[in-house]
Amino acid sequence: MAHLPIISKEIPMNQSAQEVIQAIKAIASPNYAAVAQRFFKTGPGQYGEGDIFWGVRNPQARLIAQQSLALSLDEVQVLMDHPVHEVRMVGVLILVTQYQKAKTVAAQEEIYQFYLTQFSRINNWDLVDLSAHIIPGQYCAQNGTEVLYSWVKSDHLWTRRIAVVACLHLIKKDRFEEILSFCITLKDDPESLMHKACGWMLREVGKRNVHVLRSFLEQWGPHLPRTTVRYAIERFPHQERLQLLVQTRAANQ
């Protein structure tokens with residue numbers, strides 16, 4: 001009987017930033033890029049103004065990142081400095097996985113400190129949401145959350161969002177103090193992206209402890225943006241949602 005050829009299960013690994021960039025460019029879709037440009041608000045005056053997309057979907061970016069985990073932080077910096085969104089996305093995903101796989105506290109510290117230098121490049125909500133709860137979220141849970149309180153007061157939109165989304169890790173540890181404080185701090189934030197982020201985190205609080213969420217909304221709901229309230233109560237029964245919307249309406253009109 002003839003033997004079937006052995007098919008290698010080894011994934012070819014990218015050894016440099018330039019190899020990563022070429023891999024991303026090779027699967028680019030101009031049609032999807034046009035959709036992404038609109039979805040991520042890249043027009044004049046919008047939060048993603050000027051960002052460039054090649055048209056690579058998240059699962060594709062994740063696969064390339066998994067093939068690039070051997071990159072040094074110097075090589076990741078090349079990705080983070082790139083003008084194309086998906087190249088920076090792969091850079092962020094590499095950092096996330098390297099942090100999760102780090103075998104020493106020193107290695108995690110190095111990646112965290114590198115991440116702190118990249119806030120100007122982690123410049124859209126998807127890049128924040130892929131990473132903030134894992135790198136600063138886990139780090140601050142272990143080393144103190146004081147820095148999050150300073151970030152949430154930043155004039156920089158993405159720094160504020162990083163502070164809020166970092167709380168997802170804390171929430172999953174049944175630690176709610178930080179996010180409840182931040183939702184109060186950000187109640188008058190001019191950016192709807194922050195209202196949505198706060199509502200998302202409050203909804204996560206409700207998944208862990210619905211009594212904490214209800215109590216918070218009873219006290220602060222009338223002072224919160226309507227978007228935050230609507231996001232926070234998405235999982236509540238229909239009648240309770242209606243009741244809470246009525247209760248919080250007066251102060252938000």
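I began with a charge over a ring: Arg 214 lies over the face of Phe 236, at 5.2 Å from the ring centre, where such a placement requires NZ of Lys or CZ of Arg within 6 Å of the ring centre and within 35 degrees of the ring normal. I then looked up Arg 57, whose charged end sits over the ring of Tyr 32, 3.9 Å from its centre.

I noted that this is a predicted model, in which local features need pLDDT of at least 70 and side-chain atom pairs count only at pLDDT 80 or more, while totals for chains, interfaces and linings use all residues. Residues are numbered from 1 along each chain as its sequence is written, and side-chain values use heavy atoms, with hydrogens and water left out.

For the protein chain as a whole, I found 15 helices and zero strands, taken as DSSP runs numbered from the N terminus (helices H or I, at least four residues; strands E, at least two).

Next I searched the whole structure for aromatic pairs and found nine; rings of Phe, Tyr and Trp (its six-membered ring) pair if their centres lie within 6.5 Å, and planes under 30 degrees apart count as stacked, over 60 as edge-to-face and the rest as tilted. The rings of Phe 39 and Trp 125 are edge-to-face, because their centres are 6.0 Å apart and their planes stand at 70°. This pair links distant parts of the chain, with Phe 39 in helix 2 (residues 30-39) and Trp 125 in helix 7 (residues 125-131), 86 residues apart. Trp 125 counts as partly exposed, at 22% relative accessibility, and ring pairs link Phe 39, Phe 40, Phe 53 and Trp 125 into a cluster.

I turned to Tyr 112 and Tyr 139, a stacked pair at 3.6 Å centre to centre with 10° between the planes; both residues are buried. Tyr 112 lies in helix 6 (residues 105-116) and Tyr 139 in helix 8 (residues 135-143), so the pair ties together parts that are 27 residues apart in sequence.

Finally I followed those two helices and found that helix 6 meets helix 8 through residues including Gln 108, Tyr 112 and Tyr 115 on one side and Ile 135, Tyr 139 and Gln 142 on the other, contact meaning heavy atoms within 4.5 Å.

Methods:
Buried < 20%, exposed > 50% of the residue type's maximum accessible area, 1.4 Å probe, protein only.
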